[in-house]
Amino acid sequence: MAVHIKTPEEIASMRVACRLGADVLDFIAPYVKPGVTTGEIDRICHDFMVDVQKTIPAPLNYAPPGYKPYPKSICTSVNHQVCHGVPGDRVLRSGDIVNLDITVIKDGFHGDTSRMFLVGEASIQAKRLCEVTHECMWRGIDQVSPRATLGDIGAAVQAHAESHGYSIVREFCGHGVGRKFHEEPQVLHYGRPGTGLRLTPGMIFTIEPMVNAGKAAIRELADGWTIVTKDHSLSAQWEHTVLVTESGYEVLTLSPGMPPVPAFVKNSIAVPA
Ligand code: MF3
Ligand code: CO
Ligand code: CO
C-alpha cells in the first residue's frame, strides 16, 4: 500500500483540522491544575470540541482491529502512563506530569497533537524529561524534507533521547493522517539515517515520540488501552502533525499557546496568532 499524497484541497482542510486540534490544547491548559480529575478534563475538552468548534473527537468509540472501542474523547496519560491513558476519576496532584492527546475531525479530516503539562510544581527530573522529549520531537520534525528519509527522523529522535540516558518506546509510532486517523506510513522514533521511505511533498504524518526515563519496556493495563512503563519510570510524549513541502516542512498543529520552538530549529516557524 502506498502513502497518500495530499492534494492542495486536502492540505487546506488538514490545516484547518490541525489548527483546531492545537486550539483544544491551548483552551484546556488553564484547567490542568491540582485537584482536577482526568475525567473532568475529558468532559471540558469534549464539550469545547462538539459545542464550540463543531469538531468530532476522533478517539471516542475509535476501535482499530484488536481493540475495544475507546470510551472517551481524549487521552490523558499521567506519570508512568506512556500513552492512551483513559480519563476517569483520577485526581491530578501537584508534581504529576500529564500528556493530553487531542485528535479532532473537521469536515472529514483529522488533526492530531499532544503536549505534556506539569501539574503544580513538578520535580526537576520530571521537567527535564518533558523538555528533552519536546526537543526529541522537534529534532525529528527538523529533519523533514524531500531530501530526507523516515530513518533520518527516527535516528534524530533516538539519538537525542539516548544522549540523555532515556529510552524510546518501540511499540508505538507516528503515522500518516488525513481522512483516516491512522494511515501509512509508520513513522518510527528510532532508526538509522538514510534508511526507509524517502519523503515526498504532500505527505502528512505525525511525529510523536514516547520517551521513558527508565527502560523502554511497556505493558498494557487491563482496560485494554492504557500503556504504562514496565519499570514504572516516568514517560513523556509530544506530538505534532507535519506536512512535507518542496523546501522542507510545515507544522500544521501550531498554536499561540504552545511552548517556544527550541533554538536549534533553523527553519523559521511562524507561530500563528
Ligand atoms: N491520538 C493517538 C495518536 O497520536 C491515538 C489515540 S487512539 C485512542 O495516534 F483511541 F486511544 F484515542
Ligand atoms: Co498520532
Ligand atoms: Co495523538
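Guide: Helix H4 covers residues 150-163, and at 1.5 Å a residue its 14 residues should span 20 Å, which agrees with the 20 Å between its end C-alpha atoms; the expected span is 1.5 Å times one less than the number of residues. The model is a predicted one, in which local features need pLDDT of at least 70 and side-chain atom pairs pLDDT 80 or more, while totals for chains, interfaces and linings use all residues. Residues are numbered from 1 along each chain, chains are lettered from A and ligands numbered from 1 in the order written, and side-chain values use heavy atoms, without hydrogens or water. Helices (H or I, at least four residues) and strands (E, at least two) are DSSP runs numbered from the N terminus.

Because 11 of the 14 residues of H4 are buried, the helix is largely enclosed by the rest of the structure, buried meaning under 20% relative accessible area with a 1.4 Å probe and protein chains only. The buried residues run from Leu150 through Gly151, Asp152, Ile153, Gly154, Ala155, Ala156, Val157 and Gln158, and they also include His160 and Ala161. Just after H4, Gly165 adopts a positive phi of about 80°.

Next comes a metal site. The cobalt ion (ligand 3) is coordinated at 2.1 to 2.4 Å by Asp101 (OD), Asp101 (OD), Asp112 (OD) and Glu239 (OE), donors being N, O and S atoms within 2.8 Å of the metal (3.2 Å for Na, K and Ca). Along the chain, its donors follow the spacing D-x10-D-x126-E. Asp112 also bridges this ion and the cobalt ion (ligand 2), the two lying 3.4 Å apart. Asp101 belongs to strand E4 (residues 97-106) and Asp112 to strand E5 (residues 109-118), so the pair ties together parts that are 11 residues apart in sequence. Both Asp101 and Asp112 are buried.

The whole structure holds 1 cavity of 30 Å³ or more, a cavity being points on a 1 Å grid where a 1.4 Å probe fits but cannot get out, with lining residues within 4 Å of a point. The largest cavity has a volume of about 50 Å³, and Ser114, Arg115, His134, Met137, Trp138, Trp238, Glu239, His240, Met258 and Pro259 line it. The elements giving two or more residues to that lining are E5 and H3, and H3 supplies the largest share, 3 residues.

How values were computed: Buried < 20%, exposed > 50% of the residue type's maximum accessible area, 1.4 Å probe, protein only. 1 Å grid on protein atoms, 1.4 Å probe; cavity = no way out; pocket = protein on both sides within 12 Å on 5 of 7 lines; lining within 4 Å. Points joined across faces, edges and corners; volume = space filled by probe spheres on them.
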